[in-house]
Amino acid sequence: MEKLVGFAPIIISIITSLIICLVIRKNKKLLLTFSILLLIINVVLGCYTLKTPNFVLLGDEKIEINVKSNFSDPGVEASIHNKDLKEKVTTDGQVDVNKVGEYTITYNLKYLISDETLSRTVEVKDKETPVLTLKGDSEFTLYSGATYNEPGCTAMDNYDGDISAGIETKKEEISDKKYKIIYTVKDSSGNEAKIERIVTIVDPPKPSSSKNGVIYLTFDDGPSANITPHILDILKKQNVKATFFIINYSDANEYLVKRIVNEGHTIAIHGYSHDYRSIYSSEQAYMNNLNKLQEKIKNSTGVKTTVTRFPGGSSNTTSKFNPGIMTRLTKLVIANGYQYYDWNIECGDAAGAKTKEQVYNNVVKYLSKKKSNLVLMHDFSGNNKTLNALNDIINYGKNNGYTFDRINEDTPAIHHGVNN
Ligand SMILES: [Zn+2]
């Protein structure tokens, strides 16, 4: 229809000219003048009719948007002689705002004899930096000589998701007692994030001076239903405080853990499991075993104990299947706020002593007023020899001027030499 309207003036002028030409064909001069006039009119009319439509992009030719943001196409302007031609425009090309990339949108206008195409590029970019989150504190205190155990860091990106595996760490000295760990990560679009952790090295607290003439009775591997209650009864009667290095306990034995605390003894950690093979398989395994029991004791009693003893002692060689593990662990437990206690007298109830007399002799023979006496005993199930020797050991100590005490965080630590 528009084509007819557009060409109508031309057609009408041609018909009119033909009629006029027929009428004035005898007068050559007039015919020539009229023909020239007609030609001019036709050229002007034609140019006007076939004028190119106004067809331009609205907005920029190149648009950048952030991934996952909204995009609305600004479109084009298409008109001729104030007549809107937007309906004549066909648009091609899609922008996926969820996918980084360069997209092209083309706009085509077909009107009369004009056929024009415009195009626009939309670049979907990931401009957001990933978010780094430190596990553990951003300021970390480490005892000198202890191994820094990296707590780790996570990186989440709005586009790539979890990119923690790509985190790079770098250590930078601040002073000889302070350094920082710098964590950096880049997402797939090259946006870089950075976070730091400050590590300060301090000297470990010095053990207080040794308490000569004090006997610290310690019971390992309990609690047991048939020995621990009787040991507690004797201690209560004698008004002696002791220390219990316990392992995991059943619900039925939880009351014994509560009794230990309520009756003024020290609840201490031997380890959730006592199995050498598993607990000494790695530093992580050992610390998990320690922390797990610490948490359980806290839930049972409200006490967060940091007093601990290595299964087998810090001098054990049963951990040799993992070379150097004791060298590392003895530093690591202290760096994690624990103190470990070995012993300097053993009653032998887990190593050869078969009678209460043997247990008694193994202890009293080695007591000395010139040292603090840390006595290793056990309250595991069925250990009657120790149970039956306990009263006599306490009486011997009292009669010979010794005092009894429980271990607490201030008690001077007794450490064996490390053999692995
Ligand atoms: Zn043990």
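Donors, in what follows, are N, O and S atoms within 2.8 Å of the metal (3.2 Å for Na, K and Ca), and since water is not among the atoms, sites may look incomplete. Good morning, everyone. The structure before you is a predicted model, in which local features need pLDDT of at least 70, side-chain atom pairs count only at pLDDT 80 or more, and totals for chains, interfaces and linings use all residues. Residues are numbered from 1 along each chain as its sequence is written, and side-chain values use heavy atoms, with hydrogens and water left out.

I begin with the metal site. Which residues supply the protein donors of the zinc ion? They are Asp221 (OD), His270 (NE2) and His274 (NE2), at 2.1 to 2.2 Å from the ion. Their spacing in sequence is D-x48-H-x3-H. Aspartate 221 and histidine 274 are 53 residues apart and link distant parts of the chain. Aspartate 221 lies in the loop between strand 15 (214-220) and helix 3 (228-238), and histidine 274 in the loop between strand 17 (266-271) and helix 5 (276-279). Here helices (H or I, at least four residues) and strands (E, at least two) are DSSP runs, numbered from the N terminus.

Is aspartate 221 buried or exposed? Aspartate 221 is buried, at 19% relative accessible area, while histidine 274 is partly exposed, at 25%. Buried means under 20%, exposed over 50%, and partly exposed in between (1.4 Å probe, protein chains only).

Next, the domains. An automatic or database assignment sets their bounds: domain 1 (2-49), domain 2 (55-125), domain 3 (131-202) and domain 4 (214-404). Taken over C-alpha atoms, the centres of domain 3 and domain 4 are 38 Å apart.

Domain 3 and domain 4 each give at least three residues to the lining of the second largest pocket. A pocket is an open set of points on a 1 Å grid over the protein atoms alone, where a 1.4 Å probe fits, with protein on both sides within 12 Å along at least five of seven lines; lining residues have an atom within 4 Å of a point. This pocket has 15 lining residues, with Asn149, Met287, Asn291, Leu332 and Asn336 nearest its centre. Helix 6 contributes the most, five residues.

Three strands form an open sheet in the order 1-3-4, with antiparallel pairing; strands pair if DSSP finds at least two bridges between them. Strand 1 (54-57) and strand 4 (83-84) each have a single partner strand, so one side of each lacks a neighbour in the sheet. Isoleucine 80 stands opposite lysine 83 in strand 4.
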